[in-house]
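Colleague: I am new to this model and would like a close look at one part of it. Could you take me through the strands and helices of a single chain, step by step?

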Amino acid sequence: MGLMFAGSRAWGQKELRVAAAADLQPVMPVLSQAYEHATGVKLVVSFGSSSTLATQILGGAPMDIFLGADFTYPEKIVAAGLADGSAPTAYAKGKLVLWARKDSGLLPLSIERLTDPRVKTVAIANELHAPYGRAAADALRKMKMYDAVSPHFVVGENIAQAAQFVESGNAQLGLISLTAASTDHFKEIGTYVLVPTSQYSEIRQCAVVMKNSDRRADAHAFLDWLLSPAVQENWAKVGLAAVR
Amino acid sequence: MDFEALWLTLRLAVGTTAILLVMALPLAWWIASGRGAGRALVQAVVALPLVLPPTVLGFYLLVALGPLSAPGRLLVRVLGHPLAFSFAGLLVGSVLYSLPFAVQPLVAGFSAVDGAYVEAAAGLGASPWRTFWSVVLPLTRGSLLTSAVLTFTHTVGEFGVVLMLGGNIPGATQTLSIALYDRVQEFNYAAANRTALALVAVSLAALLLIYSQRGGLRRGDLV
């Protein structure tokens, strides 16, 4: 039913332009539906790597709110004086998993599989600029596996591309976000194990509302909604964790 | 300056140009030497990469030729690994991506050759092969140069295909344009600038090479 009206804009319907990090790709449709149902405000979402989104916002991209995958990129917006507020606001915690297709021949899956001699390709997001990539590289270093695994890295520009590499069978293993691994599709075709959270610094996903947005009030309302118990208590369903 | 990425990019560009010259010469000659629906279809297919977003090409190579597909599995048997994330994969992508840049200047050049010369050569007993090498090619040197240089520079500038298919592996698939993108993502604008300038310099040099030809041989200047 919703599909019939998709794309048609109710006259005077309010819209909010959201810049959302790549790990939120499976999450935003769920959120958008719930939020529009609750408030009538339509979320118009642009996905990208946190880094690309930050660069574009700094270059003047007309966003109302930026949902990043870490603290550093929203902080750049604050530092540039473009944020409405003195600091980014954490809205969720991200989790890193090791994922493999069921037909990969690498089941039962465990963290040790990363150093299995049969494994030639491990998908990872770019560790230099992607928050989940950074976390994955840190975890590998802490588990003393980095030198053994890094020659097999195939690097995605963002965490969604890394997930796509392993989902399409082009990479044998993938260090991806729990948000991707929690989708019906990924659960159907593969399995995952959580990378122990003790092995990497917390992925603290933060948001900023844009100072120059003419919908600041709506953007703050959306952020408050994200921080409300109704959403925080249900984050686990989409592969995120509550911030409080 | 990322020398590994520069070297890789040059190898990719030279490899693609070499493969495409071998493929494009007979193809362009066949297109130019006749007419009909078959040729029109072939020309349309050859021109496809001009209008298709490079990401579409990369996507099909990644998924349609990935290990989950039948052709992909064959490739894994032949190459020992999937097409993606390898220099071989990039070569395949680049060849498809630059195909129109190699073929079209040649078709234009061959079409402009006066049929009288070809007939005269045949009348003097030259085989089609000899006619092609000794009469047609010398007359179309300009088109050959244009074809080679355009293919080379187009490959140097390739981004979408490599982004979809490459996996950003230094020394194997991290080309200059990907390296540039990475530096921007890291907010390292100084390094990004150096890489971008290198790319501009290569492209400008190539274009100068094409434009400094004095219009190629004119038909009256044959002797």
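Modeller: Val193(A), in strand β9 of chain A, is the bridge partner of Leu98(A). The strands concerned, β5(A) with residues 96-101 and β9(A), run antiparallel and are joined by 5 bridges; strands pair if DSSP finds at least two bridges between them. This is a predicted model, in which local features need pLDDT of at least 70 and side-chain atom pairs count only at pLDDT 80 or more, while totals for chains, interfaces and linings use all residues. Residues are numbered from 1 along each chain as its sequence is written, and chains are lettered from A and ligands numbered from 1 in the order in which they are written.

Both strands belong to an open sheet of 5 strands in chain A, ordered β7-β6-β8-β5-β9 and mixed in its pairing. At its edges are β7(A), residues 153-156, and β9(A), residues 190-194, each of which pairs on one side only. From one strand to the next, the twist averages 30°. Helices (H or I, at least four residues) and strands (E, at least two) are DSSP runs, numbered from the N terminus. Helix α5(A), residues 131-142, lies across β5(A), β6(A) and β8(A), and runs at about 125° to β6(A); such angles run from 0 to 180 degrees between N-to-C directions, with axes fitted to C-alpha atoms, for helices over the stretch in contact. Helix α7(A), residues 159-167, lies across β5(A), β6(A), β7(A) and β8(A), at about 145° to β8(A).

Chain A is assigned two domains, domain 1 with residues 2-93 + 203-238 and domain 2 with residues 95-199, the bounds coming from an automatic or database domain assignment. Their C-alpha centres lie 26 Å apart. Where they touch, 15 residues come from domain 1 of chain A and 15 residues from domain 2 of chain A, residues being in contact if their C-beta atoms, placed from the backbone, lie within 7 Å. The side of domain 1 of chain A in this contact has 7 nonpolar, 5 polar and 3 charged residues (Ala, Val, Leu, Ile, Met, Phe, Trp, Tyr, Cys and Pro count as nonpolar, Asp, Glu, Lys and Arg as charged, and the others, Gly among them, as polar).

Another open sheet of chain A has 5 strands in the order β2-β1-β3-β10-β4, again with mixed pairing. Its edge strands are β2(A), residues 42-48, and β4(A), residues 89-94; each has a single partner strand, so one side of each is left without a neighbour in the sheet. Neighbouring strands here are turned by 25° against each other on average, direction ignored. Within this sheet, β3(A), residues 65-67, pairs with β10(A), residues 203-209, in the antiparallel sense over 3 bridges, and Leu67(A) stands opposite Ala207(A) in β10(A). Helix α3(A), residues 50-58, packs on the sheet and touches β1(A), β2(A) and β3(A), its direction making about 135° with that of β1(A). Helix α4(A), residues 72-79, lies across β3(A) and β10(A), running at about 30° to β10(A).

These two helices also meet each other: α3(A) and α4(A) pack at an angle of about 10°, with their axes 9 Å apart. They are therefore roughly parallel to each other (angles under 35 degrees count as roughly parallel, over 145 as roughly antiparallel, 65 to 115 as roughly perpendicular and the rest as oblique). From α3(A), the contact takes Ser50(A), Ser51(A), Ala54(A), Ile57(A) and Leu58(A), and from α4(A) Tyr73(A), Lys76(A) and Ile77(A). By class, the residues of this contact of α3(A) with α4(A) divide into 5 nonpolar, 2 polar and 1 charged.

Terms used: Contact = placed C-beta atoms within 7 Å.
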